[in-house]
2 protein chains.
Amino acid sequence: MIRFSKKIEYALGTLQFLGLHQNTPISARELSIKLKIPYEFLSKTLQQLARSGIVIANYGIKGGYHLAKKPSEIHFSDIIDALDENASVVDCVDGLEASCERYNYCNIKNPLLELQSKIFELIRSTTLEDLLKDFKSTKFDVANLDC
Amino acid sequence: MIRFSKKIEYALGTLQFLGLHQNTPISARELSIKLKIPYEFLSKTLQQLARSGIVIANYGIKGGYHLAKKPSEIHFSDIIDALDENASVVDCVDGLEASCERYNYCNIKNPLLELQSKIFELIRSTTLEDLLKDFKSTKFDVANLDC
DNA sequence: TAAAATACGATTATTTTAATCGTATATTTA
DNA sequence: TAAATATACGATTAAAATAATCGTATTTTA
């Protein structure tokens with residue numbers, strides 16, 4: 001299995017939403033309701049994104065989160081890093097023997113490293129802008145997303 | 001997180017080994033010892049590969065497994081399919097509403113589908129040959145792999 | 001015909017991921 | 001300036017996915 005976690009999925013949907021409302025901060029509570037994401041979980045995810053400078057947190061009664069950068073400057077790889085998610089296809093590709101007890105009996109490292117580099121490049125070159133640009137072409141529940 | 005499961009990792013190492021010994025069938029037992037992979041687990045994995053026509057099983061006292069095709073004809077995507085592993089970056093990309101309760105509130109499907117297609121293409125275009133061709137350049141425990 | 005192999009359903013263990021809980025802290029605005 | 005509304009975050013629990021194991025049946029060949 002090779003897939004994005006729910007956390008990444010939530011982050012992408014949330015950042016897309018923030019990208020559609022770049023002027024006003026939106027609270028974690030509102031985001032969790034609009035996007036049907038468990039509040040506590042989303043809240044933590046937003047904190048991680050804030051720590052990494054992807055979004056900015058505004059405290060207070062009219063607070064919330066807004067994007068810290070232009071969508072074109074937010075790479076998927078940044079998001080994955082911010083969430084402490086590992087994107088390596090297998091553990092041993094980092095060259096650390098400790099990563100796998102079979103390290104000395106297994107020889108798929110180098111070829112897989114090549115494949116991984118290509119996947120990384122794809123992930124790096126995809127940005128939040130890609131989640132926004134052809135937005136209108138998607139099936140979209142306008143009422144729920146309030147735009 | 002976006003990574004290959006242990007099962008895929010085991011399958012790749014095993015197929016690489018079989019690719020280095022294409023003339024003689026090698027038993028699941030021997031493979032499990034040489035590659036330090038739990039026997040029962042590997043055994044099942046090999047059965048799946050056999051059902052999908054990637055390897056051929058030979059019963060009997062001098063039986064074992066050998067590749068059913070040339071390494072260049074064994075695509076990583078075939079292997080992933082054979083092992084019933086899902087390679088979609090998120091569930092909803094298949095267009096099935098049932099795949100996610102948030103289906104109607106979330107609009108990351110189409111853009112992610114694009115990214116996924118590119119990842120699929122990478123996985124499809126990588127073959128067992130890629131695990132074999134620059135084999136000698138890898139750090140390789142010759143004694144253990146008996147070649 | 002016995003040894004050595006594959007076949008496979010079922011179960012258990014482990015790990016990872018996801019969700020929740022509780023409490024503390026910061027900011028704004030009425 | 002105090003109350004309301006936010007964020008911050010460690011700790012715990014729940015759920016799901018992955019990995020490993022067990023037991024038994026079947027097939028082939030030396």
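Reader: Is Asp84(A) buried or exposed?
Author: The structure is a predicted model, in which local features need pLDDT of at least 70 and side-chain atom pairs count only at pLDDT 80 or more, while totals for chains, interfaces and linings use all residues. Residues are numbered from 1 along each chain as its sequence is written, chains are lettered from A and ligands numbered from 1 in the order in which they are written, and side-chain values use heavy atoms, with hydrogens and water left out. A residue is called buried under 20% relative accessible area, exposed over 50% and partly exposed in between (1.4 Å probe, protein chains only). Because its relative accessible area is 64%, Asp84(A) is exposed.

Reader: Where does Asp84(A) lie in chain A?
Author: Helices (H or I, at least four residues) and strands (E, at least two) are DSSP runs, numbered from the N terminus. Asp84(A) has a positive phi of about 55 degrees although it is not a glycine, and its place is in the loop between helix H4 (76-82) and H5.

Reader: How accessible is Lys36(A), whose phi is near 55 degrees?
Author: Lys36(A) is a residue other than glycine with a positive phi, and it lies in the loop between H2 and helix H3 (39-51) of chain A. Lys36(A) counts as partly exposed because its relative accessible area is 41%.

Reader: Which backbone oxygen does the side chain of Ser32(A) reach?
Author: Ser32(A) sits in helix H2 (residues 28-34) of chain A, and it counts as buried because its relative accessibility is 7%. Leaving aside residues up to four places away in sequence, Ser32(A) touches (contact means heavy atoms within 4.5 Å) Ile37(A), Pro38(A), Tyr39(A) and Leu42(A). At 3.0 Å, its side chain reaches the backbone oxygen of Arg29(A).

Reader: How far apart are the closest N and O atoms of Lys34(A) and Glu30(A)?
Author: Side chains of opposite charge can pair when their charged atoms come close. Lys34(A) and Glu30(A) are four residues apart in helix H2, so about one helical turn separates them; Lys34(A) is buried at 19% relative accessibility, whereas Glu30(A) is partly exposed at 33%. They form a salt bridge (a side-chain nitrogen of Lys or Arg within 4 Å of a carboxyl oxygen of Asp or Glu), and their closest N and O atoms are apart by 2.8 Å.

Reader: How many salt bridges are there between chain A and chain B?
Author: Over all chains the structure holds eight salt bridges, including one between Arg124(B) and Glu121(B) at 3.5 Å, N to O. Between chain A and chain B, however, the count of salt bridges is zero.

Reader: Which helix supplies the largest share of the side of chain A that touches chain B?
Author: Chain A and chain B have six residue pairs in polar contact, both residues at pLDDT 80 or more; a polar contact is a pair of N or O atoms within 3.5 Å, where within protein one must be able to donate a hydrogen and the other to accept it, and residues adjacent in sequence count only if both atoms are side-chain atoms. On the side of chain A that touches chain B, at least two residues come from each of helix H1 (6-20), helix H5 (109-125), helix H6 (128-132) and helix H7 (142-145). The largest share, eight residues, comes from H5(A).
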